[in-house]
Amino acid sequence: MSNTINKDKIHGSIFGGFVGDALGFPIEGHSRKYIIDYYIPKIFNHDILKMGRGYNEKTKLNGPIYESKMNECSWFYKFGQYTDDSQLSRLVLETIIENNGTFEYAKYGHEIGKIFDSGKIVGLGKSSQAASKKLLNGLIDYKFSGTPNAITNGSAMRSDILGVLFHKDAEQLYEVVTTCSMMTHMSSKAVAGSLCISAFVATALNLNNKDVFDSDIFINNAMHLIKNVDREYMGFLLQFRTILKMNELDAYNKIKSFDTVSWGKNKISSGVVSSTLYSIYCFLKNHHSYSKCIIMALSAGGDVDTIAKMAGSISGAYLGISHIPNTLIKRLNDNNAWNAKDISKMIDKVLDYEIKIKK
Ligand SMILES: [Mg+2]
């Protein structure tokens with residue numbers, strides 16, 4: 001992967017995703033109104049740096065908690081904790097490094113099984129968990145381990161990193177993303193959503209952000225990958241030119257209406273259709289600003305860690321690492337391990353390889 005790559009944009013994509021995920025974690029499942037009124041105003045002042053996620057005994061709610069209120073909490077994650085979305089993306093890097101530059105599907109599947117089994121997964125998804133049990137014991141081939149008809153975003157949320165690693169070759173990207181998606185989510189919707197996110201990341205890396213922005217390039221590249229996968233998802237993408245002209249709330253409700261998975265009125269669910277399409281909407285509407293893109297993603301309500309992860313990795317891929325607030329990058333951790341320095345070293349190590357794929 002050596003000389004022609006843009007390290008700044010690759011680090012931007014991976015950290016852009018991780019930071020989005022960590023920002024969304026304390027408020028995962030909360031409503032749009034709560035997040036806009038209560039959480040967003042705190043993001044870019046110092047309050048948030050004292051925040052974590054836990055269960056508040058007084059309010060009987062899971063959500064953001066301040067350090068001063070720690071005694072009232074039955075458990076606590078430090079701010080910067082990222083979730084399964086980023087943990088499973090990190091696992092792609094780990095797998096490649098352990099195999100000296102080869103990405104082996106069976107090994108990645110086994111590693112997914114191992115991390116779920118270890119109990120270290122934060123905010124796990126049920127379809128991935130069910131598949132992980134099959135992947136761990138190796139009794140079933142990774143080609144058949146996915147949960148049938150799973151239409152949630154558990155594979156799309158980790159397809160961004162594949163967009164990073166295989167952004168130069170659309171054919172290879174299609175194959176890797178489809179295979180990795182089917183490992184846990186066996187449905188054309190989950191594959192289409194995964195391809196869409198990875199295509200947006202790849203396109204963002206391949207384009208120069210100094211050139212005139214054209215959302216059609218992104219949408220057309222995604223449609224090219226999805227055309228034989230899911231015609232309904234294609235149809236939703238075709239409506240994007242109109243959606244981008246709507247006011248924000250109408251666009252939000254329109255994208256919500258595409259999904260059969262619902263978490264209620266003021267939330268975008270973990271359904272793969274609405275969460276992936278809302279992520280690309282957040283990027284397309286805010287391509288010039290990582291912070292604005294993430295704020296819109298968080299404001300969706302519902303499955304916001306994943307929406308902000310996917311939107312963040314596209315935005316970071318387009319704009320580069322310098323656009324992501326360093327104060328937030330520095331807080332990243334997974335139960336006080338795997339911090340930004342560790343992740344950064346892993347990215348550089350993987351970039352030194354000419355990555356091979358082993359089926
Ligand atoms: Mg998550």
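This is a predicted model: local features need pLDDT of at least 70, side-chain atom pairs count only at pLDDT 80 or more; totals for chains, interfaces and linings use all residues.
1. Helix H3 covers residues 84-98 and helix H17 covers residues 340-351; their axes come within 10 Å and cross at roughly 50°. H3 and H17 are therefore oblique to each other. The crossing of H3 past H17 is left-handed. On the H3 side the contact is made by Arg90, Leu93, Ile96 and Ile97, and on the H17 side by Ile343, Met346, Ile347, Lys349 and Val350. Sorted by class, the contact of H3 with H17 has seven nonpolar residues, two charged ones and no polar ones.

2. Next, look at helix H1 (residues 7-24) and helix H15 (residues 304-319). Their axes are 6 Å apart, and the two pack at an angle of about 160°. An angle over 145 degrees counts as roughly antiparallel, so that is how H1 runs to H15. The crossing of H1 and H15 is right-handed. The residues making this contact include Gly12, Gly16, Gly17, Gly20 and Gly24 of H1, and Ala308, Ala311, Gly312, Gly316 and Ala317 of H15. By class, the contact of H1 with H15 divides into ten nonpolar, ten polar and four charged residues. Among its members are Lys9 and Asp21 from H1, along with Asp305 and Lys309 from H15.

3. H8 passes H9 in a right-handed crossing. From H8, the contact draws on Ala192, Leu195, Cys196, Ala199, Phe200 and Thr203; H9 brings Ile217, Phe218, Asn221, Ala222, Leu225 and Ile226. Ten residues of the contact of H8 with H9 are nonpolar, two are polar and no charged residue takes part.

4. Now for helix H13, residues 272-285. From its first C-alpha to its last, this 14-residue helix reaches 20 Å, close to the 20 Å expected at 1.5 Å a residue. H13 is mostly covered, with twelve of its 14 residues buried. The buried residues run from Val272 and Val273 through Ser274, Ser275, Thr276, Leu277, Tyr278, Ser279, Ile280, Tyr281 and Cys282 to Phe283. What covers them? The elements over the buried residues of H13 include H8 (188-206), H10 (231-238), H11, H12, H14 (290-298) and H15.

5. Between two of those covering helices sits Met246. Its place is in the loop between helix H11 (240-243) and helix H12 (248-257). Met246 has 14 other C-beta atoms within 10 Å and is partly exposed. Leaving aside residues up to four places away in sequence, Met246 touches Ala251 and Lys254.

6. Most residues other than glycine have a negative phi. Asn100, though not a glycine, has a positive phi of about 50°. Asn100 is in the loop between H3 and strand S4 (102-104). It counts as exposed, with 8 C-beta neighbours inside 10 Å.

7. The other asparagine is Asn335, where phi is positive and near 50°. You'll find Asn335 in the loop between helix H16 (326-329) and H17. Is Asn335 buried or exposed? With 10 C-beta neighbours inside 10 Å, Asn335 counts as exposed.

Key
Residues are numbered from 1 along each chain as its sequence is written. Axes are lines fitted to C-alpha atoms, for helices over the stretch in contact, and angles run from 0 to 180 degrees between N-to-C directions. Helices (H or I, at least four residues) and strands (E, at least two) are DSSP runs, numbered from the N terminus. Angles under 35 degrees count as roughly parallel, over 145 as roughly antiparallel, 65 to 115 as roughly perpendicular and the rest as oblique. A crossing is left-handed if the near helix is turned anticlockwise from the far one by less than a right angle, and right-handed if clockwise. Two residues are in contact if their C-beta atoms, placed from the backbone, lie within 7 Å. Ala, Val, Leu, Ile, Met, Phe, Trp, Tyr, Cys and Pro count as nonpolar, Asp, Glu, Lys and Arg as charged, and the others, Gly among them, as polar. A residue is buried if 20 or more other C-beta atoms lie within 10 Å of its own, exposed if 12 or fewer, and partly exposed in between; C-beta atoms are placed from the backbone. The expected span of a helix is 1.5 Å times one less than its number of residues.
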